[in-house]
Amino acid sequence: MPYALSETLIVMPAFNEEESVAAVIAEVHAKLPGAAVLVVDDGSLDATAEVARAAGAQVASMPFNMGVGGALRLGFQYAVENGYQVAVQIDADGQHDPGLVPALLAGLDDADLVIGARFSGEGDYTVRGPRKWAMSVLSTVLSRVVRTPLKDTTSGFKANGPRAIALFAHSFPAEYLGDTIEALVIAGRAGLRVRQVPVAMRPRSGGQPSHNFVKSAVYLGRAFVALLVALMRPRTALKETATA
């Protein structure tokens, strides 16, 4: 493992996850002893912040809902300010197994950003319809952008090394799907090394899914709008951001 758990910050965006967040924090503490946990309460209307704090996590509360991208950017800023070498994104709904984090950290030995990829031979996670078509095309396009084959470009389970943290602390996108699609475009154009490792996902342990049936029906169009916007961003500006 290239980085110690004591150098690792678990960043957990959470919006109305009071049902599951305590159990996820407890599992992180049990499986990743020494790692710090930061729950970014993204303007929750329930007791997410209080429950997370009582479970032993550091909590940063957003004044209103900013979306996953805004919450993660705050997490990366916290990592920079507190000297963490690695920031690992874990959902607060229990879908990501903290026990798989060491595999992501091992991937940072020759990469700056490691994606925990579904659809890569582990587990039985499946999607259908527009989401499946969108994910397939997005993976093809984004694989070219980052210059490495990717099968899961919308996974929210990622490990970010020092170069990725430095970049994303001030340029992580907050737009819809920006935390996945545009973040990979930014990383690729900035010259970050991206790779994936296969992981299995679990069912949610609480809360409400972020994509209901109606949202899934329009996912395809929104995904490609997000990709188009990401690719239209000035290339020079992104390179300058990476080295600033």
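Rings of Phe, Tyr and Trp (the six-membered ring of Trp) pair if their centres lie within 6.5 Å; planes under 30 degrees apart count as stacked, over 60 as edge-to-face and the rest as tilted. By this rule, three aromatic pairs are counted here.

Colleagues, the model is predicted, with local features needing pLDDT of at least 70 and side-chain atom pairs pLDDT 80 or more, while totals for chains, interfaces and linings use all residues. Residues are numbered from 1 along each chain as its sequence is written, and side-chain values use heavy atoms, without hydrogens and water.

Let me turn to one of these pairs. Phenylalanine 76 and phenylalanine 168 have ring centres 5.5 Å apart and planes at 45°, so the pair is tilted. Phenylalanine 76 lies in helix 3 (residues 67–81) and phenylalanine 168 in helix 6 (residues 162–171), 92 residues apart; helices are DSSP runs of H or I with at least four residues, strands runs of E with at least two, numbered from the N terminus.

Phe76, Phe168 and Phe172 form one aromatic cluster.

Seven strands form an open sheet in the order 3-2-1-4-6-5-7, with mixed pairing; two strands pair if DSSP finds at least two bridges between them. Strand 3 (58–61) and strand 7 (194–198) each have a single partner strand, so one side of each lacks a neighbour in the sheet.
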